[in-house]
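This report accompanies the sequence and three-dimensional structure of a protein chain.

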Amino acid sequence: MRVVIAGGHGRVALRLERVLADRGDAPVGLIRNPEHDVDVRAAGAEPVLCDLEDARVEEVERILIGAGAVVFAAGAGPVGGLVRMYAVDQWALALMAEAAEKARVRRFIHISCMGAGRRPPPESDDAWAAYVAAKSAAEDNLRTRDLDWTILRPGRLTDERGLGLVTLADPPLPLGEVSRDDVADVIAALLDTPETRHRILELIGGGIPVEEAIRLVLIR
């Protein structure tokens, strides 16, 4: 399956590209910096230059035609500045979702964050509050789309080696950490599980193998 990944040079995205390539899929990583071409190719993905902050819907639609799924892994993050935060974390998601509708690519997985959909705690700084607001607005937009979307809200991301053991559930989960390796494995498994469409799932480290965690989600 051809899987187009927005934010193709991100740390989760590169891991996901390796997982997908290793199992025989055809990942495509959207990048805004030509220098990232080498890293994306090394991960087994096809790099495509597309700056989602400036792209038009028609441009992205052409890239998506023929894909089996979209993964939105792009993000400026809470340290990216307010302008880029809203441009990437909110508006670029809307752009990708609209393009997916036009290209008739129904499967769409959005990597959001724990805290989205809720009011930030009073002690949160302005950057984090704005980040959560942008992610929440992106989720709201995606839920209005005629797509088979799944929203994944991971906890605090780490670069620890993934163990393939997680806790995955409907919100809310307690705050926790999860390795980027395990996030990538969960996304790959969700791509194979269309029954998770129209679900919002939260993810932290835990003691349940990924495939079993998804099976448990489906019976709840």
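## Strand β5 and its partners

Strand β5 and strand β6 (residues 148–154) run parallel and are joined by five bridges. Within this pairing, Ile 111 stands opposite Leu 152 in β6. The model described here is predicted.

Strand β5 also pairs with β4, again in the parallel sense, over four bridges. Here the bridge partner of Ala 69 is Arg 107 in β5. The strand is mostly covered, since five of its five residues are buried. Their side chains are divided between two directions: Arg 107, Ile 109 and Ile 111 point one way, while Phe 108 and His 110 point the other way.

## The sheet as a whole

What is the order of the strands in the open sheet? There are nine strands, arranged as β3-β2-β1-β4-β5-β6-β10-β8-β11, and the pairing is mixed. The edges are formed by β3 (46–49) and β11 (208–209), each of which pairs on one side only. Helix α1 (residues 11–22) packs on the sheet and touches β1 (2–6), β2 (26–31), β4 (69–72) and β5 (107–111). The direction of α1 makes about 175° with that of β1.

An antiparallel pairing is found between strand β8 (residues 165–169) and strand β10 (residues 199–205), with four bridges between them. In this pair, Thr 167 has Ile 204 of β10 as its bridge partner.

Val 3 has its place in strand β1. Its relative accessible area is 0%, so Val 3 is buried. Leaving out residues up to four places away in sequence, Val 3 touches Leu 20, Ala 26, Pro 27, Val 28, Ala 69, Val 71 and Leu 191. One of these, Val 71, is 68 residues from Val 3 along the chain, yet their C-alpha atoms are separated by 7.2 Å.

The side chain of Glu 202 is joined to that of Arg 118 by a polar contact of 3.3 Å.

Beyond residues up to four places away in sequence, Glu 202 touches Met 114, Arg 118, Arg 153, Thr 167, Leu 168, Ala 169, Pro 171, Pro 172 and Leu 173. Thr 167, one of the residues in this list, is also the bridge partner of Ile 204 in β10.

## His 198 in a loop

His 198 is located in the loop between α6 and β10. Its relative accessibility is 45%, and His 198 therefore counts as partly exposed. Apart from neighbours within four places in sequence, His 198 is in contact with Leu 147, Asp 148 and Trp 149.

A polar atom of the His 198 side chain lies 2.9 Å from the backbone oxygen of Leu 147. From His 198 to Ile 109 the separation is 89 residues in sequence and 10.0 Å in space, C-alpha to C-alpha.

## One face of helix α7

Which residues of helix α7 (residues 210–218) are buried? They are Val 210, Ala 213, Ile 214, Leu 216 and Val 217. Seen down the axis of α7, the buried residues fall within an arc of 160°, so they line one face of the helix. The elements that cover them include β8, α6 (180–191), β10 and β11.

A pair of aromatic rings is described by the distance of the centres and the angle of the planes. A search of the whole structure finds one such pair. The ring centres of Trp 128 and Tyr 131 are 5.4 Å apart and the planes stand at 50°, so the pair is tilted.

Both residues belong to helix α5 (residues 126–143), where they are three residues apart, about one turn of the helix. Trp 128 has a relative accessible area of 30% and is therefore partly exposed. Tyr 131, by contrast, has a relative accessible area of 11% and is buried.

## Gln 90 in helix α4

Gln 90 is found in helix α4 (residues 82–103). At 14% relative accessibility, this residue counts as buried; the cut-off for that term is under 20%. Not counting residues up to four places away in sequence, Gln 90 touches Met 85, Ala 134, Ala 137 and Ala 138.

Terms used. Residues numbered from 1 in each chain as written. Predicted model: local features only at pLDDT ≥ 70, side-chain atom pairs only at ≥ 80, totals over all residues. Heavy atoms only, no water. Pairing = 2+ DSSP bridges. Contact = heavy atoms within 4.5 Å. Axes fitted to C-alpha atoms, helices over the stretch in contact; angles between N-to-C directions. Phe/Tyr/Trp six-rings, centres within 6.5 Å; stacked < 30°, edge-to-face > 60°. Buried < 20%, exposed > 50% of the residue type's maximum accessible area, 1.4 Å probe, protein only. Arc of directions from axis to C-beta. Polar contact = N/O pair within 3.5 Å; in protein donor to acceptor, adjacent residues only side chain to side chain.
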